[in-house]
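Please read the following briefing alongside the sequence and the 3D view. The points are grouped by topic, beginning with the confidence of the prediction.

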Amino acid sequence: MSAVILADDIYVAQNIGFGIIAAVMIVGALKVVTSKNVVHAALSLVLVLAGAAAQYLLLAAEFVAVTQVLVYVGAVMVLFLFGVMLTRAKLGQEGDLNNKNALLGVPVALLMLGVMSWVLIDGFEDTKLPQDGDQVSVQAVSDSIFKPYLLPFWALSFVLLAAVIGAIVLARKD
Amino acid sequence: MIAVDLPYWAQSLLRVLGGTVAVLLPAGTIVYLFLFKMMSFMQSRLGPMEAGPYGSMQLFAEVGKWLQKEDIQPALADKKIFKIAPLIVLVSTFILVAVVPFGPDAYFTDFEAGVFYALAVSSVSVLGILIAGWSSANKYSLLGGLRAAGQLIAYELPMVLAVVGVVIQAGSMNMQQIVFAQNHGSIFGWDGVGNPYVLTQFVAFGVFMIAVQAELTQTPFDMPIAESELVSGYMTEYSGFRFLIFFIAEFANVGIFALIASVLFLGGWGVPFSWFGWDSMDAVDDWMNVVGPLIMIGKMLALSFLIMWVRFSYPRLREDQLQRFAWKVLIPVSLVNIMLTAILKVAF
């Protein structure tokens, strides 16, 4: 979504939708770090991730949106909750959730914000979304993954494989 | 293609109504036909006979009973999450039906990545089950929720991998395109029955139906609600209309997964296009919009009959057997199936 809105081509519905979803995501993100209960925090994180999926839908990127739901809401968060519930999820409030290094997070967050805004502004400058909002077909996505971006894709798969093997090695005692 | 042009709001209204019917009608039918009647006949008893002819109004009586019950929540429960959990399960059921096509124009959304969407959305209900178990403040509930999460994650993989075979063969993830590819296809040049993928992808069909049985937590995969071990698993503390929501979601999911399976493997709403000389999606006659949903309901009933038949026939697996079966049998089999399908697709 472009930050500068000119009078001619405002997509009213999309902008209202964006605003509402963004507000929900921000509230959710704040709740993730302020909540006094681990499970509540995790559920707020679900809200943020589902909000991201909704934003992708607004950008007519259906495939990415569905992937976001499948990977983050359906798999990562379920495993996360699964792990938390197996180990320590108490009902009610917990007092000792704050890490003593919590303040370190502030500069890191600001740095992330700066880097990401710079990359986005530098990459797109004042390009607008196409008026018709052409949907990116699944075929186009796979064509670009398996043609120009094949090597990075392989590298990523290799990193993930290494992580999986590492996890198995750590988990097994024998 | 139908020439009537409805305004956007009217279309949306029709689709919402259609979606509600497509969720509740199969759920009610499955509960009455299979859960009440078929199970009773298999056990040499009559089942409900009092409410309405042959007990056909029994379901309405049950719903009325559940709605009147007191809304009980455990004192220690996490009240807010306890209330949200069944809704997450039911909502994921309702948005799941949005990609199922019922006819050439009778669809809710013509989503390009339709199958992928169905698999993604069906995984959201795990979240509801997991937090239902946790928020009940009951050890049996928590165990049930954890079992459910482990089981649903394990069986989602073979389900996705089984669908990949179909997607490779159809060359599309769009449900309408998959229906078209099956009814317009031919098996070695013979197009008498089209090419329903249950014939060419029978391995994927087997894996998919077993995985569906496990995703729906129907016996022999009902460890999450195993009544002899965990009282009623994650549902233990739910009563009244909150239990009703879980109950509706369970049987609506049976119906919707049967619908999705019939689209993927049995040719969906279509009849073999060669019978009527249709050679593209646009050439399909308008009356298919009426006949298509009936065909879908027929196939849905046949497949959910299969699911319920297995449910009433087999004893429960053990937890470790269930995990071993998913990871050591179903996933390797479906991976081999993907490889063979890809080789054959390139060869022919």
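Within chain B of this predicted model, confidence is lowest in helix H10 (residues 227–230), where the mean is 78, and highest in H9(B), which reaches 89. Over chain B the pLDDT averages 84, and 98% of the residues score at least 70. For the complex, the predictor gives an ipTM of 0.78 together with a pTM of 0.85.

**Contact between the chains**

- The contact draws 23 residues from chain B and 22 residues from chain A.
- On the side of chain B that touches chain A, the elements giving two or more residues are helix H4 (114–122), helix H5 (125–135) and helix H6 (139–170) of chain B.
- Sorted by class, that side of chain B consists of 20 nonpolar residues, one polar residue and two charged residues.

**The nonpolar core**

- The largest nonpolar core holds 126 residues, and those with the most contacts inside it are B:Val100, B:Leu127, B:Leu130, B:Val163, B:Phe208, B:Ala211 and B:Ala261.
- H11(B) supplies the largest share of this core, namely 17 residues.
- If neighbours within four places in sequence are left aside, B:Ala211 is in contact with B:Tyr155, B:Pro158, B:Met159, B:Ala162 and B:Leu330.

**Helix H12 of chain B**

- Helix H12 of chain B spans residues 288–313, which makes 26 residues, and the distance from its first C-alpha to its last is 36 Å, close to the 38 Å expected at 1.5 Å a residue.

**B:Gln218 and its surroundings**

- B:Gln218 is found in the loop between H9 and H10 of chain B.
- B:Gln218 counts as buried because it has 20 C-beta neighbours inside 10 Å, and the cut-off for a buried residue is 20 or more.
- B:Gln218 and B:Phe111 are separated by 107 residues in sequence and, from C-alpha to C-alpha, by 29 Å in space.

Methods. Residues are numbered from 1 along each chain as its sequence is written. Chains are lettered from A and ligands numbered from 1 in the order in which they are written. This is a predicted model: local features need pLDDT of at least 70, side-chain atom pairs count only at pLDDT 80 or more; totals for chains, interfaces and linings use all residues. Helices (H or I, at least four residues) and strands (E, at least two) are DSSP runs, numbered from the N terminus. The expected span of a helix is 1.5 Å times one less than its number of residues. pLDDT is the predictor's confidence in each residue, from 0 to 100. Two residues are in contact if their C-beta atoms, placed from the backbone, lie within 7 Å. Ala, Val, Leu, Ile, Met, Phe, Trp, Tyr, Cys and Pro count as nonpolar, Asp, Glu, Lys and Arg as charged, and the others, Gly among them, as polar. A residue is buried if 20 or more other C-beta atoms lie within 10 Å of its own, exposed if 12 or fewer, and partly exposed in between; C-beta atoms are placed from the backbone. A nonpolar core is a set of buried Ala, Val, Leu, Ile, Met, Phe, Trp, Tyr and Cys residues joined through C-beta atoms within 7 Å.
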